[in-house]
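Let's take a friendly walk through a protein model, one piece at a time. Have the sequence and the 3D view open as you read.

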Amino acid sequence: QLRAVVSPSILAADFTRLGDECATVLGDGHAEWLHCDVMDGAFVPNISFGFPIISSLRKRFPDAFLDCHLMVENPGKWVEPLAKAGGSLMTFHIEAVESVDAARVLVDAIHDAGMAAGVAVKPGTELAAAGDLADVVDMVLIMTVEPGFGGQSFMPETMTKVETLRASHPQLFIQVDGGLSPKTVDTAAAAGANVIVAGSAVFKADDRLAVIDALLGSVSA
Ligand code: DX5
Ligand code: ZN
């Protein structure tokens, strides 16, 4: 059985005390990953944060797995800066590269920089191009909302992509991102997702660890 992972999205945290916010979700059998949404205001209509934040998180949490979701144009430009900042995994968007061949080159560059590599697809993008990369990446991210903002509603129609990918790749890490909560996670888990990103559901909860445990429980069930 594939490991269940919950990756709290720090976009929903209070940035004035980001380190302490992350400390409330990390460790002791709870979250080991932090989902870091980097937005450039060009690939998506929003700007979030960049490498100085990731680098600060790396200093404070040397053992955390920094799951970096780059919603940026020209992702190849950011491989070295992200590796230097301490990113563990770099997920780029298939829509941001020119071809599957260019994506393969990018995956090699990410691996050469010492990071794991992920490829993401927006809700309206066919699985095909990213599916071709499933054998060379460490994770495929099936977006369950339009990228750009936290707090949106989960789109169940994206689950056919998760099902298709899971059928051909039993061991692949498949991440879902957007609108995941204890209410929607069962749908994603049943389709075959094993890495659950959750921003608002975790950081807006009174008992964050209870939400993380509930999400983990649904994926492991
Ligand atoms: C959206 C981001 C998500 C977002 C998820 O562009 O990629 O990671 O933070 O937030 P919630 O869980 O609140 O939908
Ligand atoms: Zn994300």
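## Starting at aspartate 177

Setting aside residues up to four places away in sequence, aspartate 177 touches His69, Leu141, Met143, Thr144 and Val197. Here, two residues are in contact if their C-beta atoms, placed from the backbone, lie within 7 Å. Aspartate 177 sits in strand β7; strands (E, at least two residues) and helices (H or I, at least four) are DSSP runs, numbered from the N terminus. Aspartate 177 counts as buried because it has 27 C-beta neighbours inside 10 Å. The cut-offs are these: a residue is buried with 20 or more other C-beta atoms within 10 Å of its own, exposed with 12 or fewer, and partly exposed in between, with C-beta atoms placed from the backbone.

## What kind of model this is

This is a predicted model, in which local features need pLDDT of at least 70 and side-chain atom pairs count only at pLDDT 80 or more, while totals for chains, interfaces and linings use all residues. Residues are numbered from 1 along each chain as its sequence is written, and chains are lettered from A and ligands numbered from 1 in the order in which they are written.

The mean pLDDT of the chain is 97, and 100% of its residues reach 70 or more; pLDDT is the predictor's confidence in each residue, from 0 to 100. For the complex, the predictor gives an ipTM of 0.99 and a pTM of 0.98.

## The annotated residues

Which residues does the UniProt annotation "active site" cover? The unreviewed entry lists Asp37 and Asp177. They are spread over 141 residues of sequence, yet they cluster in space, with a largest C-alpha distance of 10.5 Å. UniProt positions follow the numbering used here, feature names are shortened, and annotations may be inferred rather than shown by experiment.

The unreviewed UniProt entry also places a "binding site" feature at His35, Asp37, His69 and Asp177. These residues span 143 residues in sequence, but no two of their C-alpha atoms are more than 10.5 Å apart, so they gather at one spot.

## A closer look at three of them

Aspartate 37 belongs to strand β2 (residues 33-39). Is aspartate 37 buried or exposed? Aspartate 37 counts as buried because 24 C-beta neighbours lie inside 10 Å. Beyond its neighbours within four places in sequence, aspartate 37 is in contact with Ser9, Leu11, Ser48, His69 and Met71.

Histidine 69 is found in strand β3 (residues 65-71) and is buried, with 27 other C-beta atoms within 10 Å. Its contacts beyond four places in sequence include Asp37 and Asp177. Another "binding site" annotation from the unreviewed UniProt entry covers residues including His69 and Gly179. Glycine 179 lies in the loop between β7 (173-177) and α7 (185-191), and is buried, with 23 other C-beta atoms within 10 Å.

## Helix α4 and its two faces

Helix α4 (residues 100-112) has 13 residues and reaches 18 Å from its first C-alpha to its last, close to the 18 Å expected at 1.5 Å a residue. That expected span is 1.5 Å times one less than the number of residues. Its buried residues are Ala103, Leu106, Val107 and Ile110. Seen down the axis of α4, they fall within an arc of 105 degrees, so they line one face of the helix; the arc is that of the directions from the helix axis to the C-beta atoms. An α-helix has 3.6 residues a turn, so residues three or four places apart point the same way.

What covers the buried residues of α4 includes α3 (79-85), β4 (89-93) and β5 (116-121). The face of α4 turned away from its buried side carries the exposed residues Asp101, Val105, Asp108 and Asp112. Just after α4, glycine 114 takes a positive phi of about 90 degrees.
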